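My notes follow in the order I made them.

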Amino acid sequence: MEQLSPDPERQLQPAPQEPLGGPDAVLEAAAGEEAEGAGPQDSGGDAMAENNFWLKKIEISVSEAEKRTGRNAMNMQETYTAYLIETRSVEHADGQSVLTDSLWRRYSEFELLRNYLLVYYPHIVVPPLPEKRAEFVWHKLSADNMDPDFVERRRIGLENFLLRVASHPILCRDKIFYLFLTQEGNWKETVNETGFQLKADSRLKALNATFRVKNPDKRFTEIKHYSDELQSVISHLLRVRARVADRLYGVYKVHGNYGRVFSEWSAIEKEMGDGLQSAGHHMDVYASSIDDILEDEEHYADQLKEYLFYAEALRAVCRKHELMQYDLEMAAQDLASKKQQCEELATGTVRTFSLKGMTTKLFGQETPEQREARIKVLEEQINEGEQQLKSKNLEGREFVKNAWADIERFKDQKNRDLKEALISYAVMQISMCKKGIQVWTNAKECFSKM
Amino acid sequence: MEDERRARSAQPRAGEIPGGGAPLPGSRGSPGLLRVDVLDLDEDEDDLEVFSKDASLIDMNSFSPMMPTSPLSMINQVKFEDEPELKDLFITVDEPESHVTTIETFITYKVITKTSRGEFDSSEFEVRRRYQDFLWLKGKLEDAHPTLIIPPLPEKFIVKGMVERFNDDFIETRRKALHKFLNRIADHPTLTFNEDFKVFLTAQAWELSSHKKQGPGLLTRMGQTVRAVASSMRGVKNRPEEFMEINNFIEIFSQKINLIDKISQRIYKEERDYLDEMKEYGPIHILWSASEEDVVDTLKGVATCIEQCCKATEKRMSGLSESLLPIVHEYVLYSDTLMGVMKRRDQIQAELDSKVEALTYKKADTDLLTEEIGKLEDKVECANNALKADWERWKQNMQNDIKSAFTDVAEENVHYYEQCLAAWESFLTSQTDLNLEEHSEDKL
């Protein structure tokens, strides 16, 4: 059984759970849900936080992306993209916003922030980052991290991440998060100084490690199962969607060839020439319309991807519960065995095997003093163990309570977001159909006038 | 003479000018067929002899297109016009059947003819024909009318992507093309009265076999081939301007129609691939809905929309394969035919040119040559006029066919998008209605 460090996680929480902007100022988180996946700079909107007792609104936006070169840890030249984060506070009275902070961060710093949050808030379903590398690409879309479209979508994803954190009732009050938005230099050092990396439970990283837990909370088992299903089904969906996009691209683009050939053919036709030529033009329009259509669809895919990664975060919370439950059960087991040993020593009956007992049998009884000493040690250990078990139990119940509350919050958010995403997908399809009707109606007119 | 001609051939078509003689200038209303004597001077001569002596000049079996007299300008007025209202020959090609013998396996098609024409012994005929028979017919028509545009036959075999010669799609495509072939002949003002065509439609199997064996066709064809080779070596120096234009058109048309054929086939393939992926895409949403509680209806709704789009895609694809693809492909084959017709015209002219050349150098008996040249000049005139008239007819038909095929495709596409739109809009409405319901419930 692993020996836990004497500091339970509670002591690792950052000392000041200060709201942003100072002791008296309060924070009203900007809406995350409205802005996600939508237009690039749209980060404003009303607060989604249920408890509407904040006085000052802030707006967060990741407004720019810039290519930079620098030297990395091994003193080698590298190219990376930096993102500009702007924070504005909104005065309630006139609704005007004032730029309060502006700094540049790169993707790895976002990762650092998230890893920190994962360690310090294991009971929270921590919002995910946009993917590190482009996956589920259909062939025309670049898988290159430096590709401007990818960078643009990542910028939106990072903004979405910050908005999600800022609108989370607990996470938004974290000091490190606050410093991420306000303190450009030295932030990395500050995070590392919290020593969070040491506290990270390496056992959780091993996703496949099984702790044989006897009495997990059934709700968490169900949620873990759900998170697996969600991951699997969304991956499948994204894969097939990418293939559908590929095929659709093919259908549209081949029609573009008609444009060229009709135009060439029209040169030798007298009566048919004009009709052919203008029909050909419409074929070109049709063929080029697919680019925008699929670009829009990519945003839909990003919305789904967010929940693909959210599923992982959900799973992590369940794993944490399992781990805590496992440790609890191990501690209880250990305590029970010590109690039994103690009892046997006191009454003289040997029911449990112990090396000491064996040697005693073989080499003769121990002295009453020796036995007394041993009982005393055991009694101390039992006391300690009981305290620990008590606090572990308390911890466990706290965890379950808080985690379940966040899971409920997450479920509501997920249902809203997925519904909205699917509806926006329908809207995209409708727009595509309308464009198709228009272009083919025009083409039909040209053909019928030939 | 005319009586004999009439007796031998069909009853004159309605509106036809009964006597010989030049067409009257204002006679646009008359059908395109006119019988004009070749040589008005030789009224005493037995027409049959004239015909039989110069078999290559005038076909014994069908009415020839306008024969020139003076003035030549009148020729341009005459057009071949199809008259669907007067259609009196209806042909269908149906019921492919497989026949197995010790030597070979082949397919026959049932050819049903319904007609009100007097020259047919009955009003309904049903015969079985195989691809070879169609080939034979085409050859005979080409022999009889070297400068008319004979409709194309579907290819002998399609090498690309064919596993076995007789798979269902191949047979069906071929059947439709053969049906088209016969109907195009029936609609052609000259070809429709061809005797071999009649035999093809009406004769029983053994009758057809024996008919095939007779006739000078084979020899003339061979003779022509020899001459063709000889003259093609010399090339055509004096191809008239109008035929240069036509040739130019044919070259470019051929290029473009081939490209359009490729593009259209490719579109069909891409649509099929798209359909396959969509068929997998929809059900994933159903699968997902099984693990959700709240979003079930939305997910199922999306799956339904995708399914409806799949159905619409299938319909669009079948529209493409039924209307556009066969027409475009037929015109690909037509473009080969056209090039052949142009070549044959050039050959006929080359014959004349070589004789004229010979005369210039006084290589042989001048009198004989002059006589031959006279005949050849008429032959060239004849061939050119036939071609020109048929060319105009062909061009008109092509424009109509292309126009209607592409208009249909556009219509299919509009319909496709309308169906998809309806599906998604109805889904959206149901979702917004639900939302309103939920909100009003919350307020209660």
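**Entry 1: the contact between the chains**

I counted the salt bridges between chain A and chain B and got seven. This is a predicted model, so I kept in mind that side-chain atom pairs count only at pLDDT 80 or more. I looked at one of these salt bridges by name. A:Arg247 pairs with B:Asp273, and their closest N and O atoms are 3.4 Å apart.

Next I took the polar contacts. Between chain A and chain B I found 16 residue pairs, both residues at pLDDT 80 or more.

Which elements of chain A give two or more residues to the side that touches chain B? I noted α7, α8 (273–347) and α10 (368–448) of chain A. Of the elements on this side of chain A, α7(A) gives the most, with 24 residues.

Then I turned to the size of the contact. Interface size is often quoted as the accessible area lost when the parts come together. Here chain A and chain B bury about 5,400 Å² between them. Carbon and sulfur atoms hold 73% of that area. Chain A puts 53 residues into the contact, and chain B puts in 54 residues.

**Entry 2: A:Lys224**

I stayed with α7(A), which spans residues 218–266, and picked A:Lys224 from it. Is A:Lys224 buried or exposed? Its relative accessibility is 16%, and buried means under 20%, so I logged A:Lys224 as buried.

I then listed what A:Lys224 touches, leaving out residues up to four places away in sequence. The list reads A:Arg315, A:Cys318, A:Arg319 and A:Glu322.

**Entry 3: chain B overall**

I counted ten helices and three strands in chain B. Along the sequence, I read the pattern as α-α-β-β-β-α-α-α-α-α-α-α-α. Chain B has 444 residues, and 46% of them are buried.

I also checked contact range in chain B. Taking contacts with a separation of 6 or more, 73% join residues 24 or more positions apart.

**Entry 4: the sheet of chain B**

Strands of a sheet pair through backbone hydrogen bonds, either parallel or antiparallel. I looked up which case applies here. The three strands of chain B form an open sheet in the order β1-β2-β3, with antiparallel pairing. β1 and β3 (124–130) of chain B are the edge strands; each has a single partner strand, so one side of each has no neighbour in the sheet. On average, neighbouring strands of this sheet are turned by 20° against each other, direction ignored.

I went through the pairs in turn. β1(B), residues 89–100, and β2(B), residues 105–115, pair over ten bridges. Together β1(B) and β2(B) make a hairpin, with four residues between them. I found B:Thr92 opposite B:Ile112 in β2(B).

The other pair is β2(B) with β3(B), antiparallel and joined by seven bridges. There I found B:Thr108 opposite B:Arg130 in β3(B).

What lies across these strands? I traced helix α5 of chain B, residues 195–202, across β1, β2 and β3 of chain B. Helix α5 runs at about 90° to β3(B).

**Entry 5: B:Lys375**

Last, I looked up B:Lys375. B:Lys375 sits in helix α10 (residues 366–443) of chain B. At 40% relative accessibility, I recorded B:Lys375 as partly exposed. I also took one distance from B:Lys375. Its C-alpha atom is separated by 29 Å from that of B:Asp336, 39 residues apart along the chain.

Terms used. Residues are numbered from 1 along each chain as its sequence is written. Chains are lettered from A and ligands numbered from 1 in the order in which they are written. This is a predicted model: local features need pLDDT of at least 70, side-chain atom pairs count only at pLDDT 80 or more; totals for chains, interfaces and linings use all residues. Side-chain values use heavy atoms; hydrogens and water are left out. Two strands pair if DSSP finds at least two bridges between them. Buried means under 20% relative accessible area, exposed over 50%, partly exposed in between (1.4 Å probe, protein chains only). Contact means heavy atoms within 4.5 Å. Axes are lines fitted to C-alpha atoms, for helices over the stretch in contact, and angles run from 0 to 180 degrees between N-to-C directions. Buried area is the accessible area (1.4 Å probe) that two parts lose on being put together, summed over both. A salt bridge is a side-chain nitrogen of Lys or Arg within 4 Å of a carboxyl oxygen of Asp or Glu. A polar contact is a pair of N or O atoms within 3.5 Å; within protein, one must be able to donate a hydrogen and the other to accept it, and residues adjacent in sequence count only if both atoms are side-chain atoms.
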